[in-house]
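Please report on how the side chains of this protein pack. Keep it brief and tie each point to the model.

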Amino acid sequence: MRGRHVVELSSTHKRTAPRDHLNASSKQESPERYTVYPSWKRSLRHVVVATLASFLLGYHLGVINETLESISLDLAFSGSTLAEGLVVSTSLGGAFLGSLFSGVIGDGLGRRRALQLCALPMIIGASMSATTTNLWGMLLGRLFVGMGMGLGPTIASLYVSEVSPAYVRGTFGSLTQISLCLGLLGSLFMGLKAKGIVDWWRTCFWVSVIPAALLALLMEFSAESPHWLFKSGRTAEAEAEFEKLLGGVHVKCAYAELSKSDRVDDADAVTLSDLLQGRYFKVVFIGSILFALQQLSGINAVYYFSSTVFKSFGIPSDRANIGIGVANLLGTIVAMLLMDKLGRRVLLLGSFSGMAVSMGLQVVGARSFPSSPGAFYLSAGGMLLFVLTYSLGAGPVPSLLLSEIFPGQIRAKAMAFCM
């Protein structure tokens, strides 16, 4: 049938290409329209490799949960709450340092090299933790691991948003959180034998070297972010990466939109003062508050100390922690399915509201029904509900949302500052 067709090519941006009129005829009826999207399969493998950084974050968040008691006995600091707290929190101190420099490293080396670099301190730190014979060796190892934890997920979120087609960006962005959940669940499964096998906790740390090495190796064969290449003046390489990620037919459209949106970008000129004043202040403030609320919700305390909490109610920690991991994973899968349908704002509002309700249940259980079955059901159930509702929005949405709301010229440094 002869007629007028309009082809809309979707690139990594949400804008569409100019209309192409084929076989136009004034004698024909109303035009027929169809939409052509780039295949999501092309970019999926690159996204999956990058999410190994989030897997490692989840693994190292949870690896200390079941193994802390065995570590404290083996390294002779059992009963010292200060030492136990340092073992847990030193990695967060390292993550803070890694996050501070992630923007500079991501803009300087590129997303791909930055992800490879984050694997190095994770390999070194995990090896040090697995072989140490004293507390100081463990703390130093956890510090190194934390630096990789702070650098990797920040760059991974940025990378995923820049290589994903717009129509699946929310879904692909959720894969980073799913990977984190799988890492957390994997560490909890690994820790089940910690109390029964001497030195099993060392094996738990050795295992984390495998995904870190895979991240460093597989990123060598992954695409670089076309956005970063374009801003670095490597336009020919940016076009080549677009073809690898989207297919040849979509390259011109994607490149034209990238040229238009990033025409005045100058990432190297962005300083900290630029993020804290002027036209960027509002969006950076919103991003910072969003991540502050995410962390102040208490989710890390659940990841680190759920064994202790459930043990106080007489619940075997292995079953309880698996429940935590499964609830986290299920909620994230639901969020992935709803991300591009309901939108980021709806998921955030629903998630934080659910977390508030679950916290209320735990408070009621602790104050109204002390030492009773009611306290058990309200507290344990409230904690599981808390993790579930967190994973529906507060967990996966912030990093994805930030990569979308920040202009290209400040994206890497602003995400590093907020995270």
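Is Phe 285 buried, partly exposed or exposed? Its relative accessibility is 46%, so Phe 285 counts as partly exposed. The limits for that class are 20% and 50%. The model is a predicted one.

**Aromatic pairs**

Phe 285 has an aromatic partner. A search of the whole structure gives 2 aromatic pairs. Trp 201 and Phe 205 make an edge-to-face pair. Phe 281 and Phe 285 make a stacked pair.

| Pair | Geometry | Centre to centre | Angle between planes |
|---|---|---|---|
| Trp 201 and Phe 205 | edge-to-face | 6.2 Å | 85 degrees |
| Phe 281 and Phe 285 | stacked | 5.8 Å | 25 degrees |

Phe 281 and Phe 285 both sit in helix 13 (residues 281-296). They are 4 residues apart, about one turn of the helix. Phe 281 has a relative accessible area of 41%, so Phe 281 is partly exposed.

Trp 201 and Phe 205 belong to helix 7 (residues 200-207). Because they are 4 residues apart in that helix, about one helical turn separates them. An α-helix has 3.6 residues a turn, so residues three or four places apart point the same way. Trp 201 and Phe 205 are both buried.

**Helix 7 and its cover**

Which residues of helix 7 are buried? They are Trp 200, Trp 201, Arg 202, Cys 204 and Phe 205. Their cover includes helix 2, helix 4 (111-131), helix 5, helix 6 (169-190) and helix 8 (209-218).

Leaving out residues up to four places away in sequence, Phe 205 touches Val 63, Ile 64, Ile 71, Ala 126, Ser 129, Ala 130, Met 138 and Arg 142.

**The nonpolar cores**

Phe 205 is also a member of the largest nonpolar core, which has 71 residues. Ile 64, Ile 71, Val 87, Leu 115, Phe 205 and Leu 215 touch the most other members. Helix 5 (residues 135-163) supplies the largest share, 11 residues. The core takes at least three residues from each of domain 1 (38-223) and domain 2 (268-418).

Helix 19 (residues 411-418) is mostly covered, with 7 of its 8 residues buried. Those buried residues are Arg 411, Ala 412, Lys 413, Ala 414, Met 415, Ala 416 and Cys 418.

**His 60**

His 60 lies in helix 2 (residues 52-74). Why does His 60 count as buried? Its relative accessibility is 1%, and the class takes residues under 20%.

What does His 60 touch, not counting residues up to four places away in sequence? The contacts are Ala 126, Arg 142, Val 145, Met 149 and Ser 208. Met 149 is 89 residues from His 60 along the chain, yet their C-alpha atoms are separated by 8.2 Å.

**Annotated segments**

The unreviewed UniProt entry places "transmembrane region" at several stretches, including 43-62, 172-194 and 376-402. Residues 43-62 are 95% helix and 0% strand in the model, with end C-alpha atoms 29 Å apart. Residues 172-194 are 83% helix and 0% strand, and the end C-alpha atoms are 34 Å apart.

Key. Residues numbered from 1 in each chain as written. Predicted model: local features only at pLDDT ≥ 70, side-chain atom pairs only at ≥ 80, totals over all residues. Heavy atoms only, no water. Buried < 20%, exposed > 50% of the residue type's maximum accessible area, 1.4 Å probe, protein only. Helix = DSSP H or I, 4+ residues; strand = E, 2+ residues; numbered from the N terminus. UniProt positions renumbered as here; feature names shortened; annotations may be inferred. Core = buried A, V, L, I, M, F, W, Y, C linked by side-chain atoms within 4.5 Å. Domains from an automatic or database assignment. Contact = heavy atoms within 4.5 Å. Phe/Tyr/Trp six-rings, centres within 6.5 Å; stacked < 30°, edge-to-face > 60°.
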